[in-house]
Amino acid sequence: MSEKKEKKYSDIEIFRRAIMLSRPYWMHIILIFLLGLLATPLALLVPVPLKIVVDSVIGANPLPKLLSFFIPQAILADKARLLLFAVFMQIAVVLLMQLQSLISYVMQTYTGTRLTLSFRKRLFGHIQRLSFAFHDKRGTSDSIYRIQYDTPSLEYISLYGMIPLVASSLTLVVMVYVIMRINIQLALVALTVTPIVATMSRLYSVRMRPHYTRVKKTESHVLGIIQEVMTAFRVVKAFGREETEEERFEQQSHEAVGQRTWLSFAEGLFGLATNVTTAVGTALVLYIGVRNVQAGAISLGTMLMVISYLAQLYGPLNNVVTKVAGMQSSFASAHRAFELMDEVPDVVEKPHARHIKRARGDIAFKNVYFSYDGTNNVLHDISFEVKAGTRVGIAGRTGAGKSTLVSLMPRFYDPSAGSILIDGIDVRDYRLAELRNQFSIVLQEPVLFAASIRENIAYASPLAHEDQIIDAARAANAHDFIMGLPEKYETLVGERGMRLSGGERQRISLARAFLKNAPILLLDEPTSSVDNATESLIMDAMERLMKNRTTFMIAHRLSTLDTCDIRLEMEEGKIISNNISSPIKG
Ligand code: ATP
Ligand code: MG
């Protein structure tokens, strides 16, 4: 899906969306920003004690007017007191700076993690709404990577990128102004390096973005290998393919390692280049400054102060450019996350969809065609009508399209032509959740959760009473084997229910469907994994459950369908025979 129509978002677009998503936290962000602004005046105070000591304690110059305004006369008059004042000021400034950074740090972590969490939650919600078709095609690991590893980009852009960027830019402007006020010539010398650094940063960003995108793709492939092997663990072992899988994993990981290392090198090189450039600036100021001091144009204290401010000027400058460069990785991630976010579900609910409380259960297919890939039809012109309460059996060879036909009713997929009606209304007109609530489904491959048997049976009805759970288990002929387990209903079934046998899994998923009291039952080979004796026991119990419910039951064994009122026989996506004309019960 993404291969064909790769969306492109501009930096501005990504910024805009990051800001939109951060909106609920704007109070926090402004607070963090204001705290960040405090850094500038605090930084300005750093060299002041030194200046006082050099010029006014050791030397005999008076303090600058602004300073003497804040310091009591008693201290100003006495050099020993002034020295003590300078010493304490040194400590106080550091203490204030550290306090400011501590509070900022905690606030950033708090806001950042919440931002990421809320973005992750939205993405997770979104992929759950995407269609089967999307997930069949995309695979799970890429979506996992995007949700888990690409979402923190929002936090990096909004908090660790944008705020320091604005704050550093402000500091930069203030520092330029301050140095200019002290000595315009030195300020101009200091600023000569700025355009060079800015150009380097721009070049770096443009060049590096594609590399970040690529490394993320490689890493999600690595995740994919692990995920695939873990889900197909039994097959891997059965065919002795562990080593091949390891090699595949290692090769992909190596590629990722190589790309990451290269990126670190490029990032480091960029840092080195910018820092050396600014060091050249400092050296120039030092040279010209000393010349000026020797010529008596400026005082030694002034020069030392300018040099000290220079660090405060180049610090933010380096900060700005490395932030811009470092954000390339986040932009690449944000791009991937937004791409997933903008994936439109194939199966959508209409704006003013109808409510449906409990369907009667009349079902009609009208000239339904369906294709998974848009070209080859898996279902051809399917039409039939059944009244509520009918038991419909579907038989046919493997691959005939039986499961596909059944999956169209709860809208796991939508037909490519034709329509499906429930109680005379197109299924696409109902609210999606309410429509699906009309079905109890037993899938062809039973899927259980890594939880207890009780939780698995009660999955769709968490409030079900103990008796109801046991009744459902009895109907599915599962109660006896469950009672034979050491922990009975509390037995944990393992991941995907792997600690149970195939027939046991199937019976639990049957019990789950029975417990959900829905008007339409869809059973895709519900007894394929159990022996004949168990099957007839289950079928007997099911008689009761199928009463007053429309049931669709798929089976290979025709004997299983004996109890059905209607039998549809499918071949290559068509219904080749039915007995609908015969008297219909129900
Ligand atoms: P079985 O008795 O083996 O379960 P079935 O009658 O249920 O078979 P379906 O699962 O409906 O058959 O499949 C019908 C056709 O659609 C098959 O040719 C299959 O290859 C194809 N098909 C099934 N699921 C998908 C899918 N998710 N994506 C693409 N093609 C699919
Ligand atoms: Mg099937």
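Between domain 1 and domain 2 of this predicted model there are 0 salt bridges, a salt bridge being a side-chain nitrogen of Lys or Arg within 4 Å of a carboxyl oxygen of Asp or Glu. The domain assignment, which is automatic or comes from a database, gives domain 1 as 12-341 and domain 2 as 363-578.

Residues are numbered from 1 along each chain as its sequence is written. Local features need pLDDT of at least 70, and side-chain atom pairs count only at pLDDT 80 or more, while totals for interfaces use all residues.

**Position and contact**
- The C-alpha centres of the two domains are 56 Å apart.
- Domain 1 puts 6 residues into the contact and domain 2 puts in 4, where contact means heavy atoms within 4.5 Å.

**Buried area**
- The two domains bury about 470 Å² between them, with 57% of it on carbon and sulfur atoms.
- Buried area is the accessible area (1.4 Å probe) that two parts lose on being put together, summed over both.
- Phe132, Thr231 and Arg234 supply 76% of the area that domain 1 buries against domain 2, more than any other three residues.

- Across the interface, 0 residue pairs are in polar contact, with both residues required to be at pLDDT 80 or more.
- A polar contact is a pair of N or O atoms within 3.5 Å; within protein, one must be able to donate a hydrogen and the other to accept it, and residues adjacent in sequence count only if both atoms are side-chain atoms.

**The domain 1 side**
- Helices α7 (132-138) and α11 (194-231) each supply at least two residues of the side that touches domain 2; helices are DSSP runs (H or I, at least four residues), numbered from the N terminus.
- The largest share of this side, 3 residues, comes from α7.

Technical notes: Chains lettered and ligands numbered in written order. Heavy atoms only, no water.
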